[in-house]
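The sequence and the coordinates are shown first.

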Amino acid sequence: MATVHLRIGDLVWGKLGRYPPWPGKVVSPPKDLKKPRGKKCFFVKFFGTEDHAWIKVEQLKPYHPHKEEMIKINKGKRFQQAVDAVEEYLKKAKGKDQSHSDDKSKSDKGRKAAKPMKIIEEDDEDAFKGGSSDKEQTDSDPEPSSVQRLVAGTVSGFKWDSSPVKDDPHFHHFLLSQSEKPASSMEPITKRLKIIEEDTRSTSIQAADSTAINGSITPTDKRIGFLGLGLMGSGVVSNLLKMGHVVTVWNRTAEKCDLFIQEGARLGRTPAEVVSMCDITFSCVSDPKAARDLVLGPSGVLQGIRPGKCYVEMSTVDPETITELSQVITSRGGRFLEAPVSGSQQLSNDGMLVIVAAGDRSVYEDCSSCFQAMGKTSFFIGEAGNAARMMLILNMVQGSFMATIAEGLTLAQATGQSQQTFLDILCQGQMASTFVDQKCQNILQGNFKPDYYLKHIQKDLRLAISMGDSVNHPTPMAAAANEVYKRAKALDQSDNDMSAVYRAYIH
């Protein structure tokens, strides 16, 4: 069987953990980033993302021979964008080398075909320094000099940052989501954040380029606990681990913890044990009852709270529940912060959530590296309860909007109009957004795999309506949308995506 040769600039398919094979390129690692011990591996930059990682040789395949195979088994939009980024990279590389190739064409006519090559040993430093000879280059791969030029500049929307990165003892094999602003990547976190104070005394912390700094953050040395590994929680924990945080996890269904244990997380047997082991404990569960039970129930959070322990409630619940939890936590000497998130499973996986926090400001600041790992922006908006109110309003608007879009799609069909044309026109106008495009495309494809559960958006609508009632504020639009979602639930759509509200109009 022919052996495969890997060197700087080679395009590959890399398999990392639970993620599907992804197109990438072998690149030189930052000088201070140590190679992991054990099996041979190469440092790979993944296309279409800001991720880098050490990948074991057996988890790598050459790009071109396996392209069709990989495209057949991976159909996601982000995957296709990554493949497109590879093709754009090849096009740019070919263009940059064209004039150089023309000058050498005559002298290269007698050039010999590349010989069968072997896998470079892990300790072969030349493999990472571009030490291969010109004779080993193929027509499909740019020469090392070209690769270095392209890596130093923008290619398909990313830059390779060769700045030294602090080597975390638990995750030394990861260097993920490097900042696109290398010059600032090693600055203290406080220098890389925008702090925005408004008349409402709300504060926003966001990366200087409006995206999560991720790989260039310095993870807090505080021990982090996380309770609840659902659609949102799983992505959050994954990103905390990737960024080098020490995380202890617990979930009501213990099997969900296994994957994260394999990725380096520690296991807590009960919520109380997690809180007692950690400095800051986050929770993300489904509704107010689950949030209360987690804190007040047997072996619950409250039993592990001691003076100085921090508890961060990320669940979307009503302000009354937040007030109750805040009071019981602080009565034991604990510190409390609410930090519900705006986003979806995909945004959680991508570390692109928006965090809305309220409560103890010092806890918010202690959570800075965690919020940067899981989101693109975080806001602090005052006393406990404010974040719950804000998040319910946001989700009320989103839920009502989704119901209206579903109503429009079904009305288009009922009146003999093309639903695809409706979507195409919508996405060219002022209402164009990734949300509209993705939700509508999924509806047209009959894909209702949950990205945000329908039952949860209906819960949020119900709580928002109740909040409006408490201050005598009318919410007729939300009330109408809520009825449509209730009908969808009656049609057994609770565990589907919120876009399954569409089915309430066709049954």
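The model is predicted: local features need pLDDT of at least 70 and side-chain atom pairs count only at pLDDT 80 or more, while totals for chains, interfaces and linings use all residues. Residues are numbered from 1 along each chain as its sequence is written, and side-chain values use heavy atoms, with hydrogens and water left out.

**Overall chain**

The protein chain has 19 helices and 17 strands; both are DSSP runs numbered from the N terminus, helices being H or I with at least four residues and strands E with at least two. Of its 507 residues, 50% are buried. Here buried means under 20% relative accessible area, exposed over 50%, and partly exposed in between, with a 1.4 Å probe and protein chains only. The chain exposes about 24400 Å², of which carbon and sulfur atoms supply 52%; the areas come from the Shrake-Rupley method with a 1.4 Å probe, and for residues only the protein chains shown count as cover. Among contacts (heavy atoms within 4.5 Å) between residues at least 6 apart in sequence, 67% join residues at least 24 apart.

**Nonpolar cores**

A nonpolar core is a set of buried Ala, Val, Leu, Ile, Met, Phe, Trp, Tyr and Cys residues joined through side-chain atoms within 4.5 Å. The largest such core has 35 residues, and those with the most contacts inside it are F226, L240, F282, V312, M314, F371 and M374. Elements that each supply at least two residues of this core include strand 9 (224-227), strand 12 (280-283), strand 13 (310-313) and helix 14 (368-374). Helix 6 provides the largest share, five residues. Beyond its neighbours within four places in sequence, M314 is in contact with F226, F282, S283, C284, A339, P340, V341 and M374. Another core, of 31 residues, lies apart from the largest one, and A481, V484, A500 and V501 are among its members.

**Helix 19**

Helix 19 (residues 476-490) has 15 residues and reaches 21 Å from its first C-alpha to its last, close to the 21 Å expected at 1.5 Å a residue; the expected span is 1.5 Å times one less than the number of residues. Its buried residues are A478, A481, N482, V484, Y485 and A488. Exposed residues P476 and A490 are carried on the face turned away from the buried side. Helix 15 (386-414) and helix 18 (454-470) are included in what covers the buried residues of helix 19. D492, which follows helix 19, has a positive phi near 65°.

**Aromatic pairs**

The structure holds 10 aromatic pairs. Rings of Phe, Tyr and Trp (its six-membered ring) pair if their centres lie within 6.5 Å; planes under 30 degrees apart count as stacked, over 60 as edge-to-face and the rest as tilted. Two pairs are tabulated.

| Pair | Centre to centre | Angle between planes | Class |
|---|---|---|---|
| Y311 and F336 | 6.4 Å | 40° | tilted |
| Y364 and F371 | 5.8 Å | 45° | tilted |

Y311 lies in strand 13 and F336 in strand 14 (residues 335-338), so their pair ties together parts 25 residues apart in sequence. Both Y311 and F336 are buried, and Y364 and F371 are likewise buried. F226, F282, Y364, F371 and F380 form one aromatic cluster.

**Loop residue E58**

E58 is placed in the loop between strand 4 (51-56) and strand 5 (60-62). E58 is partly exposed, with a relative accessible area of 46%.
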